[in-house]
Structure formats: structure tokens, C-alpha cells
2 protein chains.
Amino acid sequence: MAYSDDAGPDKLGATKVDLGDCGMAQAAMLLGDRWTLLVVREALYGVTRFDSMKTDLGLPRSVLSNRLKRLTDAGVLIKRPYREPGQRARHQYVLTPMGVDLALPLIALMQWGDKHIRKTAPAAAIVERRTGAPLMAGLAKSDGAPVELRNAQFRIG
Amino acid sequence: MAYSDDAGPDKLGATKVDLGDCGMAQAAMLLGDRWTLLVVREALYGVTRFDSMKTDLGLPRSVLSNRLKRLTDAGVLIKRPYREPGQRARHQYVLTPMGVDLALPLIALMQWGDKHIRKTAPAAAIVERRTGAPLMAGLAKSDGAPVELRNAQFRIG
DNA sequence: CAGTATCCCAAGCGATACTG
DNA sequence: CAGTATCGCTTGGGATACTG
């Protein structure tokens with residue numbers, strides 16, 4: 001990372017990774033707008049229905065419709081019919097494996113926001129399913145050993 | 001998380017966390033637009049100067065100016081003067097501790113994008129500073145023990 | 001309930017030009 | 001280099017109404 005204490009002037013055009021080659025940039029292009037992240041957040045919370053999302057987020061129907069389409073096209077959500085006993089057929093938007101994997105960046109973002117923006121007790125925590133132990137997003141080596149953020153750096157290429 | 005295999009219909013209005021109480025929502029409101037995430041990405045890569053960012057990202061000056069202002073107002077960046085020997089004074093945008101902490105969500109996003117969108121070898125990796133060992137974003141308990149995403153869930157309140 | 005269709009308007013993008 | 005100023009224009013947001 002670039003830290004305040006080692007931040008010299010950069011080299012112009014030194015961005016080592018072209019936008020098209022950068023997963024972060026690709027992700028930002030898919031998710032980077034006012035509503036998309038929040039729609040995915042709904043899905044992570046288990047909200048799967050159009051009107052539920054609309055009510056929760058308070059966004060216009062047309063916008064929600066558009067975002068759901070984008071996300072299904074991208075493979076983050078699938079639209080799936082279902083029928084509750086005695087009810088007529090409905091459908092729901094559920095996360096694909098690709099969508100489920102978005103939980104990690106979004107959890108990290110949530111914990112960042114709780115720490116640096118809200119600064120009060122988090123409204124939602126992530127816990128281990130079986131034990132209820134609180135979980136934090138972090139970096140780890142392939143053997144699982146955790147590594148502090150400040151001991152990490154980019155390696156290009 | 002909400003998984004495909006346990007995703008029943010949700011309860012209307014069941015979103016347990018109000019947008020104003022959710023760090024993820026707050027973060028999304030700050031970072032959720034076309035360019036802001038990419039500007040932070042530049043800063044993480046160590047690009048600190050206005051024109052470097054403009055060149056790398058190819059966005060209009062006015063937009064970049066606006067984003068840098070937003071991010072400094074939010075406390076993610078600070079604008080700092082410096083002078084190289086024999087040069088006139090310049091300034092640079094460097095990450096605050098709050099900004100540095102954004103590395104984790106963005107790394108997670110990058111790894112997600114590399115895995116699910118680009119699907120080729122990542123252009124940039126995160127490695128441990130001393131050893132060069134590759135790092136991955138993940139969840140861990142407070143004792144550092146890693147936990148799989150699928151063994152995690154939200155706990156509200 | 002789950003959308004699509006329409007319309008209007010504001011925000012924001014992108015280009016260009018200008019200033020310290 | 002590092003911005004601010006201006007401007008035309010498109011995008012997309014928000015309200016409302018309509019359909020299966």
C-alpha cells in the first residue's frame with residue numbers, strides 16, 4: 001500500500017495496471033453507481049423480492065428493474081420462480097456463487113464504514129454460523145496465517 | 001449469507017438494518033459512483049498527483065477535482081504540499097489512516113473481479129512485504145483463525 | 001406482486017478554455 | 001502542474017400510471 005510516511009511523488013503514467021486488466025476496475029464498473037451496491041446488500045441480507053427491495057431502499061421501480069437486470073446479466077443474481085403453498089407463482093432474485101463471493105468485499109466495506117464513518121456500535125455483525133464467534137475481514141497467507149494490512153503491498157505483473 | 005439453497009421468500013420490509021445504520025450503505029453512498037472507487041485505487045497504487053490520476057483514469061479534470069474534494073472532505077485523503085529538490089512546490093493527495101483501511105475492501109473487490117469477471121491471471125497481486133508470500137482477503141475470528149465465507153452469517157443488532 | 005412505459009427534470013459527464 | 005469556469009448534452013433519477 002501507499003502510506004503517508006513513504007509517499008513520495010509518483011511517476012507520471014506509472015499506474016502499473018491498465019483499467020482493463022484490473023479486477024478492481026472491472027468490479028467498480030459493474031458495481032460503481034448509486035444503487036447497485038445497495039441492491040447486492042439486500043440480496044446478502046436475504047431479501048429476494050422486487051417489492052421488498054424497493055421498500056427497503058426507497059428507489060424508483062424503473063431503477064431497481066434496471067439494476068436487477070444488470071446484475072443478472074453479469075451473473076451475480078439469478079431470477080428464479082417459486083411457489084409458496086396455496087399462493088400463486090412468484091419469483092425471486094438469489095445470489096449465484098459469483099454473487100455470494102461478493103459478500104467478502106461487501107463485509108469488508110461494511111466494517112470499514114462502521115469503523116470510520118459511523119463510529120458507533122455496528123448495527124450488523126458477521127459471525128461464524130456454528131459458534132456465533134464474531135468475524136472480521138482481513139488478509140491471510142495461503143496457509144491461513146493472518147497478515148496485517150500494513151505488512152502487505154502490491155506486486156504488479 | 002443468503003445462499004441459493006436456503007433462500008426462501010423473504011419477509012416484506014424485513015431488512016433488518018436501516019440504511020442510515022449500515023456501514024455498508026454509508027460506504028456505498030460515499031464511494032458509489034462511476035469514478036470514486038477508481039480514484040482511491042490510484043491512491044492505493046501510490047499515484048498521488050492530479051495529472052497522473054487524470055492520465056491514468058482518463059476522466060475530465062472537473063470530475064477528478066470534484067472527487068478529490070469529496071474524498072478529502074470525507075477524510076479518506078489529505079492534500080499535502082511537498083517540494084522536490086530544485087523544483088517548485090507541488091502537492092499530492094495521500095491516504096489518511098482511514099483511506100489506508102480502504103485497501104482491504106478494495107483488495108477483496110479486486111480479487112473478486114479477477115476471479116469472476118476477468119477470469120485470467122491477475123494483473124496485480126497482494127503479497128506480504130517481507131516474504132513476498134501471496135495474500136488473500138478472507139474472514140477470520142478474533143484469534144486469527146480463518147473461517148470460510150459459507151460458514152458465516154449476519155447477526156443483526 | 002412484479003414489473004414496463006412514460007415523462008420531466010436534475011445531476012453529472014465530457015470537452016474546451018482559462019488562471020496561478 | 002494543478003486546478004477552476006463554463007457549457008452543451010446525455011444519462012439516469014424520481015413520480016406516476018399502466019399491464020400481466
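How far is a phosphate oxygen of DNA strand D from an N or O atom in the side chain of A:R34? The distance is 3.0 Å.

This is a predicted model, in which local features need pLDDT of at least 70, side-chain atom pairs count only at pLDDT 80 or more, and totals for chains, interfaces and linings use all residues. Residues are numbered from 1 along each chain as its sequence is written, chains are lettered from A and ligands numbered from 1 in the order in which they are written, and side-chain values use heavy atoms, with hydrogens and water left out.

**DNA strand D**

There are 18 residues around DNA strand D, and A:R67, B:R61, B:S65, B:K79 and B:H91 come nearest. A residue counts as near a strand if one of its heavy atoms lies within 4 Å of it. By class, this surface has 5 nonpolar, 3 polar and 10 charged residues. Here Ala, Val, Leu, Ile, Met, Phe, Trp, Tyr, Cys and Pro count as nonpolar, Asp, Glu, Lys and Arg as charged, and the others, Gly among them, as polar.

α4(A) gives the most to the surface near DNA strand D, with 4 residues. Helices (H or I, at least four residues) and strands (E, at least two) are DSSP runs, numbered from the N terminus.

**DNA strand C**

Around DNA strand C there are 18 residues, of which A:R61, A:S65, A:K79, B:R34 and B:R67 come nearest. They divide into 5 nonpolar, 3 polar and 10 charged. The most is given by α4(B), with 4 residues.

**Contacts with phosphate oxygens**

The table lists polar contacts (pairs of N or O atoms within 3.5 Å).

| Residue | Part of residue | DNA strand | Distance |
|---|---|---|---|
| B:K69 | side chain | D | 3.0 Å |
| B:K79 | side chain | D | 2.8 Å |
| A:D51 | backbone | C | 3.4 Å |
| B:R34 | side chain | C | 2.8 Å |
| B:R67 | side chain | C | 2.7 Å |

**The two protein chains**

Chain B can be laid on chain A with an RMSD of 0.0 Å by a turn of 180 degrees and a shift of 0.0 Å along the axis. The two copies are thus related as by a two-fold rotation axis. In chain B, the C-alpha nearest the axis belongs to B:D33, 2.0 Å from it. The superposition is by least squares on the C-alpha atoms of residues with pLDDT of at least 70 in both copies.

Notes:
A polar contact is a pair of N or O atoms within 3.5 Å; within protein, one must be able to donate a hydrogen and the other to accept it, and residues adjacent in sequence count only if both atoms are side-chain atoms.
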